[in-house]
Amino acid sequence: MLKHEQKKGGYVGIKRLTLSAMLVAMSVVIGIFCKTYLNFGMGLFRVTFENLPILLAGITMGPVMGGTVGAVSDLVSYLLSAQVYPPNLIVTLGACSVGVVSGVMARYVVRKTGTWQVIASGLAAHVVGSMIIKPIGLFAFYGWLVLWRIPMYLVIAPIEIAVLCFLFHRSGFRRLVDGIRKEKL
C-alpha cells in the first residue's frame with residue numbers, strides 16, 4: 001500500500017475508532033460502577049460520572065462521534081447491567097445528545113480551544129441531555145420524583161467539567177487532543 005493511500009483511508013479512521021471504543025468502554029465501566037455502588041433510591045438518585053467520556057468524545061472529535069459514543073455507551077451499559085425494565089430509548093437519546101451538544105458547542109459555537117470551550121460545552125450538554133431529555137425518559141418510571149435528578153446534576157456537571165479542564169491543561173493530553181482534532185475523518 002502506498003503512503004498516501006494509508007494516510008487517506010486507513011490510519012486516521014482507525015485512531016478515531018479506537019479512541020471512540022475506549023471512551024465507550026470507560027463510560028460503561030464508570031456507569032456500571034456507579035449503578036452498583038453510588039445508587040440510592042432504586043436508580044432515581046444515582047451519582048454517576050458516565051457522561052465524562054461522552055463529553056470528551058464530543059469536544060475532541062465533534063458532534064457525530066460524540067453522539068455515537070453516547071448512544072453506544074448507554075446501550076452497552078444497559079445490556080451489561082442487571083436492569084429489569086426494557087431499554088429506554090429516550091434516555092439513550094439523552095446520552096446521545098450529551099455528545100452531540102458538547103461537540104456542536106466545541107466545533108461551532110466556542111471555537112477557541114481552552115477552558116471556556118470545555119465549560120460551555122459541558123454545561124450546555126448537561127442541561128440538554130442530563131437535565132431535560134433524560135428526566136423526560138425516566139418520568140414514566142419515577143413520576144415527578146425524577147425532578148430530584150436535576151439538582152444532582154447541578155453538582156455532578158461542575159465536577160465533570162473540572163476534571164475535563166484539568167485534563168485539558170496537561171501538556172501530554174493537549175498533544176493527544178490536538179493530534180486527533182487535526183485529523184480528517
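This is a chat about the predicted model shown above.

Colleague: Quick one before we start: what are the ground rules for this model?
Modeller: It's a predicted model, where local features need pLDDT of at least 70 and side-chain atom pairs count only at pLDDT 80 or more, while totals for chains, interfaces and linings use all residues. Residues are numbered from 1 along each chain as its sequence is written, and side-chain values use heavy atoms, with hydrogens and water left out.

Colleague: Fine. How many helices and strands does the protein have?
Modeller: Seven helices and two strands. Those are DSSP runs numbered from the N terminus, H or I of at least four residues for helices and E of at least two for strands. In sequence order the pattern reads α-β-β-α-α-α-α-α-α.

Colleague: And what share of the residues is buried?
Modeller: 45% of the 185 residues. Buried means under 20% relative accessible area, exposed is over 50% and partly exposed is in between, with a 1.4 Å probe and protein chains only.

Colleague: How do α2 and α7 cross?
Modeller: At roughly 55°, with the axes of α2 (residues 51-61) and α7 (residues 171-182) coming within 9 Å. That makes the pair oblique. For reference, the axes are lines fitted to C-alpha atoms, for helices over the stretch in contact, and angles run from 0 to 180 degrees between N-to-C directions. Under 35 degrees is roughly parallel, over 145 roughly antiparallel, 65 to 115 roughly perpendicular and the rest oblique.

Colleague: Which residues meet there?
Modeller: L56, I59, T60 and M61 from α2 meet F173, V177, I180 and R181 from α7; contact here means heavy atoms within 4.5 Å. By class that's six nonpolar, one polar and one charged. Ala, Val, Leu, Ile, Met, Phe, Trp, Tyr, Cys and Pro count as nonpolar, Asp, Glu, Lys and Arg as charged, and the others, Gly among them, as polar.

Colleague: Switching over: what's the angle between α5 and α6?
Modeller: About 150°, with the axes of α5 (residues 115-142) and α6 (residues 149-168) 9 Å apart. They're therefore roughly antiparallel.

Colleague: Which residues make that contact?
Modeller: On α5 they include T115, V118, G122, H126 and L138, and on α6 they include R149, Y153, A157, E160 and F168. The contact has 14 nonpolar, four polar and two charged residues.

Colleague: Now M105: buried or exposed?
Modeller: Buried, because its relative accessibility is 17%. M105 is in helix α4 and touches V110, A120, S121 and A124, leaving out residues up to four places away in sequence. M105 and I59 are 46 residues apart in sequence, yet 7.9 Å apart C-alpha to C-alpha.

Colleague: And where is N88?
Modeller: In the loop between α3 (63-80) and α4 (89-109). N88 counts as buried too, at 15% relative accessibility.
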